[in-house]
Structures are given as C-alpha cells and as structure tokens.
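My notes are below, in the order I took them.

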Amino acid sequence: MNMKIDPWSALNIDDYSKLFDEFGIQPFDDMVREIENPHKFMSRKIIFGHRNYDRITDAMNNNKPFSVMSGFMPSGKIHLGHKMVMEEIIWHQQQGADAFVGIADRESHAVRGMSWEKCNDIGINEYVISLIALGFEPNGHIYFQSKSEQVKDLAFELSSKANYSELSAIYGFTGETNVAHMLSAVTQSADILHPQLEEYGGPKPTVIPVGSDQDPHIRLTRGLGHKMNMFKIEGREDKNGNRYFSIRSKAAPEEALKELSQRIAGKTKLFEGHVDVFSADNFESLMKVVQDVEMEFGGYSFVPPSSTYHRFMSGLQGGKMSSSVPDSYISLTEEPKGAAKKVKRAKTGGRITLEEQKKLGGEPEKCSVYEMFLFHLVDDDEELAQIYTECREGTRMCGHCKVLAAERTEKFLKEHQELREVAKDRLDEYGL
Ligand code: SF4
C-alpha cells in the first residue's frame, strides 16, 4: 500500500520502520558512532533515521563547510516539539554549521489562511524569541519566507521543474488544491536549498532536522535540486575493467562541457553531451571543479540535502499532541505553575494499585512523564537509566515522578521565559 505522509495533517506515525522500507530512510544508529559528542536526541535514539547524514559527519569531522536549515510555520503556540527542532539546529550551529531558520509565513498564509500580521506576530513572539533564548547565535540567519527575495526567486526557478503530477504523488494534492498551497511546497524546497546559493558560499552539505512527517518536503527538494543541476557524475567501467568517471550534461551549455574538459587535471575526453575522466585524483576534487564550472555558467550545482528524522512525543494525556487540546502539550510561553499542574495530571505507565506497581513494575514505554524526562527534563543518562530501572522494578512510584517532572518543567519554563525577556531586546542583532 502506498503510505502518504502529509506534513499538513499531523499524522501519528507509529510504525517508523515503514519509513525505512518505503522511503529509503536510513537508521541513525550507525551514524552516532561517527559523532564525537552526539546530541542526547541522537544517543537516545529519538533521532532514529537520516538521509545522507554521512555528508554532515564528514564535514563536521574534517572542518568542511556545511549548513543546517529548518523552518517553523507560524500558526499557534510554540511547544516542546518545536523546541526539539530548535535544539537540533543550535547543536549543529555549535558544531560549525552555518545555521538557517525560516519562518514559513507563506505556508501559513496559503494553507491555514493566517493573516500576514498574525504570521509576523506569532513568528516573532512565539518562535524567534524562544529560538534566541535557547541559544541560537546571531551569526546564523533567521528570515521570513515572504521577506526573503532569495527564497522567493529560487522558489520561482524551482517551480519550473515541479509539475502537478509530482506534487500530487507526494502530497496527495487534487484538482481542488489551490495554487498557493502548491507554491508553498516549492517555497519550502527553496528554503532548504538556498543555503547553497553563491551568496552563502555555494554548494555544500545541508542538514534538515525534521519530524518524519516532513519527509515529503525532503524528497521533493532532493528531486528538484537534482533536476536543476547541469551535470551529473557517474562512475563507469570500460570493457577491460578500468574505472573512470563520466560527467554527463543534463542541460549544460556546450561551452561549459568544453570548459570542464580543459579545467580537469589529468586525462579527459570530450564527447557530445559528456566528458569522460580517466585519471581524476579523487571524486571530491572532481566534484569541486564541476561545481565551480557550473556556478560560472549560471547554474547551482546543489548537493542533495541531508536530513534527520526524530520521533514525536505523545500528548500528556496519551495519544497525539494536539494544538486544540491544551492539556496535551506544554507551550514554552505558558504560565509555569499551570504547566506543572498539567504534568501532574499526565498519563503514566503506572499500574492501577500501589501493590501491583510494586509487584509488576511500571511501564515507562507507555508513560508521558517518562517521555518528558527522556526528551527534555533529564540530561544525565545515568539518572535517566536509574528512573527507568526503578520504574521497571517497581521501586519507583508515579507520584514521585510526577512531582519531580512538574518541578523541573516549572523551573525550565521560568528560566526560559526570563531568557525570552532578554531575547526580546536582541532582535536587531539578528537583523529583525
Ligand atoms: Fe512513569 Fe515514573 Fe510511573 Fe514509571 S514510575 S510509570 S516512569 S511515572
């Protein structure tokens, strides 16, 4: 069965393994070993999958340029789910990435019918201020889609390569879908690819941290980036088993191919529509020449974006978090004492009676309070392991956990909201 993931309809994706099989998302386990100080979302398997994250570990471990980019649609309260993505962006910024955060006001306007004024208000007062308070540095880039000429221009260019059938296959668009909604999909591809524009240093690996429901954007963007590029490089073998590279023109001017054959060091042969390279030093140096020539001839030479995929937290009452059920989530801007009370009312994985709890132990896997610890409230792995073990062994009671989680939630929100007050006065440092 073809499983459609619709980023606009917050599906509860409970079987993540389907994503591996159906869409070719790779398990993140192997990547963690390549990372010196992985973020706790990585080591705790909250980030469970990726596409081409090897490009990012290579850049991080060898001091090469790379970017991180993600976006937020200004449509409601900023909550702990948004905080996760923000933490992932900030962590990559700390590892050396040029960091980009887009406020997807065009999407909110097109898909949710949100007024521009409201988009701006929510974008700044909910998302941007918390992003700064969480530690996003001013050397990164925060922008609104509607105010970025680069993103809008690139979206227009990309739309020349996107057709209705493709958008329909990915998102399930129908004849009733309005054009602005389709354009907002292409605008998000422009968001993802624009860190690779010449003004930001040209082609480079870019990682997009997202929830798994956002994968359609990644797939669309990788496809569009590929279509925009003038060349593709293929590894080939002649009849004697000698390996060589063939640089195939997709839409390159003839002069660009000629330039390539002259610029590449070593033995090359120019054909109509391709250049074969018989003695390149390595793929990376060859790629660099191809990128330089393509840029000189007005192309983009996009590197396919990488991505990471994280699990979602469930709602505090179990089931899905929902913006229409305030008791199901914690907002970063809500009153701390009220948030603490919500945590005390949260669904746990505890047994019905204390006797049963002591005898059978609790079920942290089904516990919203434990999820709060795992995702947000416990940084120390040993402490987390202790909570897990005590719960399982029946030596920990839910009341104790709830009090601890409520206290930490209240403390975090109090501190975060103080930092937000400081962040409000720093907007000009970010060009906002
Ligand atoms: Fe959850 Fe704590 Fe109860 Fe275990 S003891 S089920 S971790 S609240």
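**Ground rules**

I am working with a predicted model, in which local features need pLDDT of at least 70 and side-chain atom pairs count only at pLDDT 80 or more, while totals for chains, interfaces and linings use all residues. Residues are numbered from 1 along each chain as its sequence is written, and side-chain values use heavy atoms, with hydrogens and water left out.

**The whole chain**

I began with secondary structure and found 18 helices and 11 strands. These are DSSP runs numbered from the N terminus, with helices being H or I of at least four residues and strands being E of at least two. Next I looked up the radius of gyration, which is 24 Å against the 22 Å that the globule rule gives for 432 residues, so the chain is as compact as a globular protein of that length. That radius is taken over C-alpha atoms, and the rule is 2.2 Å times the number of residues to the power 0.38.

The C-alpha trace spans about 80 × 50 × 45 Å along its principal axes. I also noted that 50% of the 432 residues count as buried. Buried means under 20% relative accessible area, exposed means over 50%, and partly exposed is in between, with a 1.4 Å probe and protein chains only.

Residues 24 or more positions apart account for 72% of them.

**The ligand**

Which residues are around the ligand? I listed Thr 348, Gly 349, Gly 350, Gln 357, Cys 367, Tyr 370, Cys 391, Arg 396, Met 397, Cys 398 and Cys 401.

**Helix α16**

Tyr 370 from the ligand shell turned up again among the buried residues of α16. Of the 10 residues in this helix (368–377), 10 are buried, so α16 is largely enclosed by the rest of the structure. What covers its buried residues includes α3 (40–43), α5 (80–94), α14 (336–344), α17 (381–393) and α18 (398–424).

Val 151 lies in helix α8, residues 149–159. Is Val 151 buried or exposed? Val 151 is buried, with a relative accessible area of 0%. Leaving out residues up to four places away in sequence, Val 151 touches Tyr 143, Thr 187, Ala 190, Asp 191 and His 194. I also checked Val 151 against Val 369: their C-alpha atoms are separated by 40 Å, and they are 218 residues apart along the chain.

Setting aside neighbours within four places, Ala 155 is in contact with Val 186, Thr 187 and Ala 190.

**Ile 208 in strand β6**

I found Ile 208 in strand β6, residues 206–211, where Ile 208 counts as buried at 2% relative accessibility. Beyond four places in sequence, Ile 208 touches Met 69, Ser 70, Ile 192, Ile 218, Pro 305, Ser 306, Ser 307 and Thr 308. The C-alpha atoms of Ile 208 and Tyr 53 are separated by 9.7 Å, though the two are 155 residues apart along the chain.

**Loop residues**

Most residues other than glycine have a negative phi. Asn 52, in the loop between β2 (47–51) and α4 (54–61), has a positive phi near 50 degrees. Asn 63, in the loop between α4 and β3 (67–72), also has a positive phi near 50 degrees. I noted Asn 63 as exposed, with a relative accessible area of 75%.

My last stop was Glu 36, in the loop between α2 (29–32) and α3. Glu 36 is exposed at 73% relative accessible area, and its C-alpha atom is separated by 9.5 Å from that of Thr 57, 21 residues apart along the chain.

Notes: Near = heavy atom within 4 Å. Contact = heavy atoms within 4.5 Å.
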